Amino acid sequence: MLHLSSVAADSDPALSAFTTGPKLPTSKMTALLPREISSKCGTTTIVDSHSWRHQDGEETIPFQSEDIRPEMREDIHDPSYQDEEGPPPKLEYVWRNIIFMALLHVGALYGITLVPSCKVYTWLLGIFYNIVAGLGITAGAHRLWSHRTYKARLPLRLFLIMANTMAFQNDVYEWARDHRAHHKFSETHADPHNSRRGFFFSHVGWLLVRKHPAVKEKGGKLDMSDLKAEKLVMFQRRYYKLAVTLIFITLPTMVPWYFWGETLRHSLCVSTFLRYAVLLNFTWLVNSAAHLYGHQPYDRSIGARENPLVSVASLGEGFHNYHHAFPYDYSVSEYRWHINFTTFFIDCMAALGLAYDRKRVSKAAVLARVKRTGDGSHKSS
Ligand SMILES: [Zn+2]
Ligand SMILES: [Zn+2]
């Protein structure tokens, strides 16, 4: 039996105006209603999140109301899902990926030795390319398409889908499906890069073996209808291999060779292999380091952690304890531009009218959460 109740223990009582709730699934938990949603200046502020409370215990687990972001709720942690007992299934290696990753990293290591003899434009192109491709992951596949934390007009979506293809980290649909499963079933076998299986597995190992059956089962049941309905995302998925060949391999390799006379060896090993290996490893750190090292100021019960170094490497994606606690916040951080180039970029796009409806959690809700579930490392503690 389920009970709905409005609770005013954690945040400003003046904000407890919200009185209706969504239809909720049957469980043994009590749902606590969200406080208030306010919308102004194109930014939706979420004043409090939905919470589940076990009837027989004190544990409170965050759960977001579908009223706050009706178009998406598949990235909200589902604490009712737990691993089944028994030994883990045998690893099935994917030799094609192992060989590809091994060759890429050998090429990248060789590329490091060529860096001093590279032309300066090759350097600049590599940095520029990785920032653009990185935004295709952070502002595109992650904050826009996986989490729906803001809305983007067509020119920005076109830029992001091209930037995302440049990053070559699976098409947006597949990336978002894996990522929603990562949030919903965090640190279980249904999490594609379950950090309980260690640093190497959550960093790159998960790409070198067949997916755990639980990932296929639970991931296959996620609601992906929003992305299926988005023509641009489906177009990228259909022509992904061709697009990757054109703008991932041809662009960074041929441009330095054709336009400023770089050798093909430098172009391939530095501008493609080394640059791509750096982008991949920086992105993977969010799944590995930011799930293993750092504080948990917002929720000590989840694996994700705050890791500023990962934020530097990943254009702002290292505030990971915050992000898993509030996956609907477009800044993926309590702060805006602090070590967060992606938020700066989205805000610039908003100033140009290309991004809007940026979802943001209020300070009051953040502090309430810090007090309730944080590990005591937050500056307010
Ligand atoms: Zn995420
Ligand atoms: Zn994570």
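**Figure 1. Buried residues of helix α3.** In this predicted model, the residues of α3 that count as buried are Leu-156, Leu-160, Ile-161, Ala-163, Asn-164, Thr-165, Met-166 and Ala-167. The helix runs over residues 154-167, and its 14 residues reach 20 Å from the first C-alpha to the last, which is close to the 20 Å expected at 1.5 Å a residue. Just after α3 comes Phe-168, whose phi is positive, at about 50°.

Figure 2. Asn-170 belongs to the loop between α3 and α4, the latter covering residues 172-184. Although Asn-170 is not a glycine, its phi is positive, at about 75°. Most residues other than glycine have a negative phi. Because 17 other C-beta atoms lie within 10 Å, Asn-170 is partly exposed, whereas a buried residue would need 20 or more.

**Figure 3. Ile-339 in the loop between α13 and α14.** This loop connects α13 (320-325) with α14 (341-351), and Ile-339 lies in it. Ile-339 is not a glycine, yet its phi is positive, at about 45°. Ile-339 has 19 C-beta neighbours inside 10 Å and therefore counts as partly exposed.

**Figure 4. The packing of helices α2 and α10.** Helix α2, made of residues 120-146, packs against helix α10, made of residues 264-287, at an angle of about 35° and with the two axes 10 Å apart. The crossing of these two helices, α2 and α10, is right-handed. On the side of α2 the contact is made by Thr-122, Leu-125, Gly-126, Tyr-129, Asn-130, Ala-133, Gly-134 and Ile-137, while α10 contributes His-266, Val-270, Ser-271, Arg-275, Val-278, Leu-279 and Thr-283.

**Figure 5. Spans annotated as transmembrane regions.** An unreviewed UniProt entry places the feature "transmembrane region" at residues 98-115, 121-145, 239-260 and 337-356. Residues 337-356, by comparison, are 55% helix and 10% strand, with end C-alpha atoms that are 17 Å apart.

**Figure 6. The protein chain as the setting for these views.** The secondary structure of the chain consists of 15 helices and nine strands, and 46% of its 381 residues count as buried. Among the contacts between residues at least 6 apart in sequence, 67% join residues that are at least 24 apart.

Conventions. Residues numbered from 1 in each chain as written. Chains lettered and ligands numbered in written order. Predicted model: local features only at pLDDT ≥ 70, side-chain atom pairs only at ≥ 80, totals over all residues. Helix = DSSP H or I, 4+ residues; strand = E, 2+ residues; numbered from the N terminus. Buried ≥ 20, exposed ≤ 12 C-beta atoms within 10 Å, placed from the backbone. Contact = placed C-beta atoms within 7 Å. Axes fitted to C-alpha atoms, helices over the stretch in contact; angles between N-to-C directions. Left-handed = near helix turned anticlockwise from the far one by under 90°. Expected span 1.5 Å × (residues − 1). UniProt positions renumbered as here; feature names shortened; annotations may be inferred.
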